[in-house]
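Please keep the sequence and the 3D view at hand while reading.

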Amino acid sequence: MLKTTLFMVALFLLAGCSTVKSGSTKQGASATATTTSSNGSIQFIDNISVTPSGKPGKQDKSGSSISPVTGSTGSRTAGVISGAGIENYPALQFKFAILENAAIEDLNNPKLLSFMDYWYGAPYHYGGMSRDGIDCSGFAFLLMSSVYGLASLPRTAKEQYETSRHIRRDELQEGDLVFFHTLGRRRAVTHVGVYLRNNKFIHASVSGVMISDLSDGYYDKHYIGAGRVLDMGAAVGVSR
């Protein structure tokens, strides 16, 4: 009887160990920003995969090659970017090519990529200027200063709008500022972001630092205009 009892306890413990290991592995995988899948591809942000070789996926309007992936990652769809020489590109270019819906080779500003990667997801805090909390104009100020060396940008969104050279929406280039009104019907500049490409811009929203699309209903409706400030630094050697 004692042997039978010990045998049953041993089976129970073995089963429990297997369950804990399986659950821990799954949890660790979901919490890791960058992992390597069974087929050797790099995975990051919501199971997006980057495959160094293989057949190109469906090409979108930006020229990047993206196709869905299914398998052990579950029901969530993942994007795959593949092509000749793709292993020569840094992981940050893969990450932001997907976020910006852009061709990988177009993301050729390593300072901008590193800056965005550091600040991405930082919480919003009015008046803040640190990774623990930052507001929209503070983020624009730090980006223009750190990435482009432009230290003359004012601190508030309203002043940034007044100081910048206003341009049309179809003239937008990387590093231009985009402005919005967020206080009901009052069309005063209260929010600012930095334009990237393909209608995408990065900004410190109330949800944190993120990349949004100018065509999204809210931003399209509340859009005020765009401004170029990089030419302000021409005298001190700031270039695009």
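**An exposed residue and its setting**

V206 is exposed, with a relative accessible area of 74%; buried means under 20% relative accessible area, exposed over 50%, and partly exposed in between, with a 1.4 Å probe and protein chains only. The structure is a predicted model, in which local features need pLDDT of at least 70 and side-chain atom pairs count only at pLDDT 80 or more, while totals for chains, interfaces and linings use all residues. Residues are numbered from 1 along each chain as its sequence is written, and side-chain values use heavy atoms, with hydrogens and water left out.

**Overall make-up**

- The protein contains six helices and 13 strands; helices (H or I, at least four residues) and strands (E, at least two) are DSSP runs, numbered from the N terminus.
- Of its 240 residues, 40% count as buried.
- Among contacts (heavy atoms within 4.5 Å) between residues at least 6 apart in sequence, 49% join residues at least 24 apart.

**Surface**

- The protein exposes about 13700 Å², and carbon and sulfur atoms supply 56% of this area; accessible areas come from the Shrake-Rupley method with a 1.4 Å probe, and for residues only the protein chains shown count as cover.
- V206 lies in the loop between β11 (200–205) and β12 (208–213).
- Together with Y124 and Y126, V206 makes a nonpolar surface patch of about 400 Å². Patches are made of residues with over 30% relative accessible area and no salt bridge, with like charges joined within 9 Å and nonpolar side chains (Val, Leu, Ile, Met, Phe, Trp, Tyr) within 5 Å.

**Salt bridges**

- Side chains of opposite charge can pair when their charged atoms come close.
- The whole structure holds 10 salt bridges, each being a side-chain nitrogen of Lys or Arg within 4 Å of a carboxyl oxygen of Asp or Glu.
- K158 and E162 form a salt bridge (2.6 Å, N to O). Both residues lie in helix α5 (residues 157–163), four residues apart, about one turn of the helix.
- R169 and D220 are joined by a salt bridge (3.2 Å, N to O). R169 lies in the loop between β8 (165–167) and β9 (177–180) and D220 in helix α6 (residues 217–222), so this pair ties together parts that are 51 residues apart in sequence.
- R169 is partly exposed at 30% relative accessible area, and D220 is partly exposed at 41%.
- D213 and K200 also meet in a salt bridge (3.0 Å, N to O). D213 lies in strand β12 and K200 in strand β11, so the pair ties together parts that are 13 residues apart in sequence.
- D213 counts as buried at 15% relative accessibility, as does K200 at 14%.
- E100, E174 and R197 are linked in a network of salt bridges.

**Aromatic rings**

- The structure has 11 aromatic pairs. Rings of Phe, Tyr and Trp (its six-membered ring) pair if their centres lie within 6.5 Å; planes under 30 degrees apart count as stacked, over 60 as edge-to-face and the rest as tilted.
- The rings of Y161 and F179 are edge-to-face, because their centres are 5.0 Å apart and their planes stand at 75°. Y161 lies in helix α5 and F179 in strand β9, so the pair ties together parts that are 18 residues apart in sequence.
- F179 is buried, with a relative accessible area of 0%.
- F180 and Y223 are likewise edge-to-face, because their ring centres are 5.9 Å apart and their planes stand at 70°. Both F180 and Y223 are buried.
- F180, F201, Y218, Y219 and Y223 form one aromatic cluster.
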